[in-house]
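Please walk through this fold with me.

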Amino acid sequence: MSEIVEITKTAKDRFQLWSEFIDKKHCSNLCEIGVYKGAFAESLLKNCKGIVNYYMIDPWRNLADWNKPANTDNEEFELYYKETIAKTEFAKEKIHILRGKTIDVLDKIKDESLDFAYIDGDHTLKGITLDLLSVWKKIRPNGFIGGDDFCASIWQHSEDFEPTLVFPFAVYFAEAMNTKIIALPFRQFLITKEQKGFEFVDLAKGKYKTQTLKELIGQKPNSNKNIISKIKNKFN
């Protein structure tokens, strides 16, 4: 706990935050769910020399049942896939590409073999549920799950799209697993697999004031007209 607190004091973005955390915890076997254009993978592989295996899970294709701004056409997703490969070519001996949805490919990773998994998938209630429930058994005892888009408001996008429910579902999940979850700056979260009792620690300046879905639904949706372009440029 003290290590992540210290890291949050100096980290300038999520890339630095997780790079320092993974180094300090000596994580060598990692998995990223939701790779997009490969910017996060590139950052970790460059900055964390102790990484031995890096599993990248992403369909890189249009999903008919995914109502989110980033769900583009197959031709563009193919470009994202090629961009990912190009960005991580320098560490190709460490990379394992699992192209497909989490529930379809995760069995290729042995149970309790991962030190750290990072979830940045589709962010819907269905998506975060399947990702967390599926990856939990792949994490070693005392290992970690981190994630992105742990938004205090479920309306990350306009009301035309499915709400983002990484928060509060990840909190409910941690309670069900009887373990700790920490809200971090840059809309990140950290779940530990230590089985020492449930606790929700907010290191993000008290942003997470309610976990009640009724109140979260009642918040004002994002009306930004440029939300699609903002999402597409997020990892550039």
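What follows goes from the sheet to its helix and then to a single threonine.

This is a predicted model: local features need pLDDT of at least 70, side-chain atom pairs count only at pLDDT 80 or more, and totals for chains, interfaces and linings use all residues. Residues are numbered from 1 along each chain as its sequence is written, and side-chain values use heavy atoms, with hydrogens and water left out.

Start with the open sheet. Eight strands build it in the order β3-β2-β1-β4-β5-β7-β6-β8, with mixed pairing. Strands are DSSP runs of E with at least two residues, helices runs of H or I with at least four, both numbered from the N terminus. Two strands pair if DSSP finds at least two bridges between them. β3 (95-99) and β8 (199-202) are the edge strands; each has a single partner, so one side of each lacks a neighbour in the sheet. Strand β6 (residues 180-184) runs parallel to β8 over four bridges. Here Ile 182 faces Val 201 of β8.

Now the helix. α6 (residues 125-136) packs on the sheet and touches β1 (29-33), β4 (114-119), β5 and β7 (188-192). Contact means heavy atoms within 4.5 Å.

Last, the loop between β5 (139-147) and α7 (166-176), which holds Thr 164. Is Thr 164 buried or exposed? Thr 164 counts as buried because its relative accessibility is 1%; the cut-off is under 20% relative accessible area, with a 1.4 Å probe and protein chains only. Beyond four places in sequence, Thr 164 touches residues including Lys 68, His 123, Asp 149 and Cys 151.

Technical notes
Buried means under 20% relative accessible area, exposed over 50%, partly exposed in between (1.4 Å probe, protein chains only). Axes are lines fitted to C-alpha atoms, for helices over the stretch in contact, and angles run from 0 to 180 degrees between N-to-C directions.
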